[in-house]
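Could you walk me through this structure in my viewer? I would like to know what to select next and what is there.

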Amino acid sequence: MNDEMNGHDLHHPGAEEQLLRELHEAESMIIGAVLLDADVLDTLTLEEKHFTLVKNRLIFKAMKGLQKKRLEINLVMLLEELGDDIENVGGVQFLLALANYCPTTVNIEQYEQIVLKYYELSLIKNSAHHFLNAYTPESAQGLYKALIDMHTNTITDEETKDEIIMDLYESLYMERDGLPGVSTGFESLNALTGGWKEGELIILAARPSMGKTAFAIQLAWECMREKGVSMVFSLEMSSRQIMQRLLSSITDINMMKWQNPYKYLTKDEMPRMHGAMNAVYKAKLELSQNGMITLPEIRQRIMNLKREYPTEPFLVVIDYLQLITVKERFDRHDLAIGHITKQLKGMAKEWLGD
């Protein structure tokens, strides 16, 4: 059997030959499983591009085509859907062999993970090869993106239904002290949310000039008061303005007095401001101002700070989401926002339980 990737033969000596044999066996098992039970196709996240062998890509594409047309997936219909590509997939005999290759669909998830993992590794390998040959900032960015995508898309073991039910059952007879998450600083909001919890992406939405930034900064301060770490990305205002807003919020002193604090701060307000500055100085707060920041840059800065504080409660504030620079092209603004939200949610889940 030829080793093919993107239509080209590959030569992998040694251990990688064994890996490729296992990979091609997994691909054959997946296609055989679909021929055995067409409903399996609904459970797969695989796409045509994930298959290394050209013939397997063509067969899987034909299967997806039949599914889209809501037609039965069997050998007869598959031959018709393939049309002139029948010979390119090895003919009728190859399809008959595949149909008998998979005796059961029980292990389909394991086979899918093998195919997905090799696909991710191949992307990283190609990006690394391009970087070593080109050695440009663009090729470095491509390698970095491939590594980040693989890390973000890694599928972790999820709790089973039985484990979830048992955990919930035990919670019925176990009193929990305090909040499940970090206090928001507002009793009514704590009652509604239970505090901010790991893995959550919280979106603050309101009309302009309604106080979203001031509220978000207050939430960051409450996290620090709970011995946590807060990181504020300011994409619209400077770090100095963010700091002034935070100090004004803590002291309940009008923001306008920062225009000339020596002149406008009263004798009572001055010591309050000193105390607030001392508290913020000791707090674990990281400010980042950059009007052209990208999602990979946000992730890298969070990762660096998370490495410094691996066990503390962690809250990241981004002001505001629509100003994040997206390099991908989207036909509509809402699609770009959807992409940003999905990536940020992935980041939140990535450090869940760290």
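Happy to. The crossing of helices α14 and α15 is right-handed, so to speak our starting point, and please keep in mind that this is a predicted model.

**Stop 1: α14 and α15.** Select residues 295-308 for α14 and residues 333-350 for α15. Their axes lie 11 Å apart and the packing angle is about 15°. That angle makes α14 roughly parallel to α15, because anything under 35 degrees counts as such. Now show side chains: from α14, Leu295, Ile298 and Arg299 meet His339, Ile340, Gln343, Leu344, Met347 and Glu350 of α15.

**Stop 2: α13.** Next, select residues 269-282, the 14 residues of helix α13. From first C-alpha to last, α13 reaches 20 Å, close to the 20 Å expected at 1.5 Å a residue. Colour Glu269, Met273, Ala276 and Val280, which are buried. These four sit on the same side of α13, because they cover an arc of only 60° around the axis. Turn to the face pointing away from that buried side and you will find the exposed residues Tyr281 and Lys282.

**Stop 3: what covers α13.** Which elements cover the buried residues of α13? Among them are α10 (212-225), α11 (239-251), α12 (261-264) and β4 (284-289).

**Stop 4: Gln218.** Stay with α10 and pick Gln218, which is found in this helix. Is Gln218 buried or exposed? Gln218 counts as buried because its relative accessibility is 15%, and the cut-off for buried is under 20%. Leaving aside neighbours within four places in sequence, Gln218 is in contact with Phe186 and Ser249.

Key
Residues numbered from 1 in each chain as written. Predicted model: local features only at pLDDT ≥ 70, side-chain atom pairs only at ≥ 80, totals over all residues. Heavy atoms only, no water. Helix = DSSP H or I, 4+ residues; strand = E, 2+ residues; numbered from the N terminus. Expected span 1.5 Å × (residues − 1). Buried < 20%, exposed > 50% of the residue type's maximum accessible area, 1.4 Å probe, protein only. Arc of directions from axis to C-beta. Contact = heavy atoms within 4.5 Å. Axes fitted to C-alpha atoms, helices over the stretch in contact; angles between N-to-C directions. Parallel < 35°, antiparallel > 145°, perpendicular 65-115°, else oblique. Left-handed = near helix turned anticlockwise from the far one by under 90°.
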